[in-house]
Amino acid sequence: MFRLLLLAVLVLYGHCDEQLKFLEENGRVVGGTDATKNAWPWQVSLQYLSGGYWYHTCGGSLIRTNWVLTAAHCVDSPNTYRVSLGDHNIYQADGTEQVIAVDKVIYHERWNTNLLANGFDIAVLRLASHASLNNAVQLAQLPAEGVVLANDHPCTVSGWGYTSTTGSVSAVLQEAPLPVVSHDICSTSSYWGRTVKTSMVCAGGNGIHSGCFGDSGGPLNCPVNGGYEVHGVTSFVSSLGCNAYLKPTVFTRVSGYISWINDNINANS
């Protein structure tokens with residue numbers, strides 16, 4: 001295995017009629033561009049310890065000063081985790097990073113690694129200490145419970161890693177536009193069919209822009225009322241490729257889990 005931020009692509013599990021791929025193990029936004037430094041100040045790099053080295057594995061969003069939102073499949077293995085906040089170029093010190101250990105992992109009780117298409121791919125991580133909020137590190141805003149964005153609502157996915165399914169690694173945080181694809185459209189046979197549930201958000205599918213390996217757990221950032229809300233937790237893509245045409249990136253719909261998030265944070269604070 002390569003050292004931190006130079007990892008192999010890990011493809012896991014087949015589900016339903018089509019193999020799905022977790023967006024794990026150092027992947028990247030496909031068709032993206034370099035994000036402005038700290039443009040997404042709630043974005044975190046989730047890392048795990050192996051052989052004395054730390055490896056990037058997924059993204060996440062800072063939702064309290066000591067809590068991070070990510071995907072269940074990112075943390076359902078018994079690893080030691082930490083997060084890097086305020087990061088931009090993950091190969092070098094930017095001077096804005098805050099690295100904090102994860103001291104508790106809580107993933108959804110109905111999450112099943114072998115049944116990704118059932119949903120519930122969501123987790124919250126309690127940090128060992130509180131982050132200091134500044135221009136580089138801010139809290140994500142979450143949507144109100146039950147909110148569903150309209151078809152073609154403009155959103156942006158962000159993350160580090162590969163430029164294509166078999167591409168090269170990028171050091172700098174990437175971003176790419178991914179408009180929402182409504183469930184009515186995404187669940188048709190031309191798109192994802194019955195694989196996608198109403199507890200998920202589809203975004204993209206133009207064959208150019210998408211999430212990819214390593215973006216798992218990271219945010220789908222959507223403009224609402226003059227600010228941004230995190231409406232999705234990056235979950236999976238098609239085995240046909242990260243940016244397969246009419247196979248949008250699939251996210252856990254955050255607005256469907258607001259009570260779950262709050263209940264678990266309150267019970268473990």
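**Exercise 1. Helix 2 and its cover**

Task: In this predicted model, work out what covers the buried residues of helix 2 (residues 258–267).

Solution. 
- Step 1. List the buried residues of helix 2: Ile258, Trp260, Ile261, Asn264 and Ile265.
- Step 2. Check how they sit around the axis. They cover an arc of only 170 degrees, so they lie on the same side of helix 2.
- Step 3. Find what lies over them. The cover includes strand 4 (53–64), strand 5 (67–70), strand 7 (98–107) and strand 8 (123–127).
- Step 4. Turn to the face directed away from the buried side. Exposed residues Asp263, Asn266 and Ala267 are carried there.

**Exercise 2. Aromatic pairs**

Task: State how many aromatic pairs a search of the whole structure finds, then describe the pair of Trp40 and Tyr228.

Solution. 
- Step 1. The search gives five aromatic pairs.
- Step 2. Trp40 is in the loop between strand 2 (33–34) and strand 3 (43–50), while Tyr228 belongs to strand 14 (residues 227–238). They are 188 residues apart, so the pair links distant parts of the chain.
- Step 3. Trp40 has a relative accessible area of 8% and is buried. Tyr228, at 36%, is partly exposed.
- Step 4. Ring pairs join Trp40, Trp42 and Tyr228 into a cluster.

**Exercise 3. A second pair**

Task: Classify the pair of Tyr48 and Tyr55, and decide whether each residue is buried or exposed.

Solution. 
- Step 1. The centres of Tyr48 and Tyr55 are 5.6 Å apart, with 25 degrees between the planes. Planes under 30 degrees apart count as stacked, so the pair is stacked.
- Step 2. Use the cut-off for burial, under 20% relative accessible area. Tyr48 has 8% and is buried. Tyr55 has 5% and is buried.

**Exercise 4. The largest pocket**

Task: Describe the space and the lining of the largest pocket.

Solution. 
- Step 1. The space in the largest pocket is about 190 Å³.
- Step 2. Its lining has 13 residues. Val148, Leu149, Met200, Val201 and Arg253 lie nearest the centre.
- Step 3. Strand 11 (180–181) and strand 12 (200–203) are the elements that give two or more residues to this lining. Strand 12 has the largest share, three residues.
- Step 4. Sort the lining by type: eight nonpolar, four polar and one charged.

Terms used: Residues are numbered from 1 along each chain as its sequence is written. This is a predicted model: local features need pLDDT of at least 70, side-chain atom pairs count only at pLDDT 80 or more; totals for chains, interfaces and linings use all residues. Side-chain values use heavy atoms; hydrogens and water are left out. Rings of Phe, Tyr and Trp (its six-membered ring) pair if their centres lie within 6.5 Å; planes under 30 degrees apart count as stacked, over 60 as edge-to-face and the rest as tilted. Helices (H or I, at least four residues) and strands (E, at least two) are DSSP runs, numbered from the N terminus. Buried means under 20% relative accessible area, exposed over 50%, partly exposed in between (1.4 Å probe, protein chains only). On a 1 Å grid over the protein atoms alone, a cavity is a set of points where a 1.4 Å probe fits but cannot get out, and a pocket is an open set with protein on both sides within 12 Å along at least five of seven lines; lining residues have an atom within 4 Å of a point. Grid points are joined across faces, edges and corners, and a volume is the space filled by probe spheres set on the points. Ala, Val, Leu, Ile, Met, Phe, Trp, Tyr, Cys and Pro count as nonpolar, Asp, Glu, Lys and Arg as charged, and the others, Gly among them, as polar. The arc is that of the directions from the helix axis to the C-beta atoms. Contact means heavy atoms within 4.5 Å.
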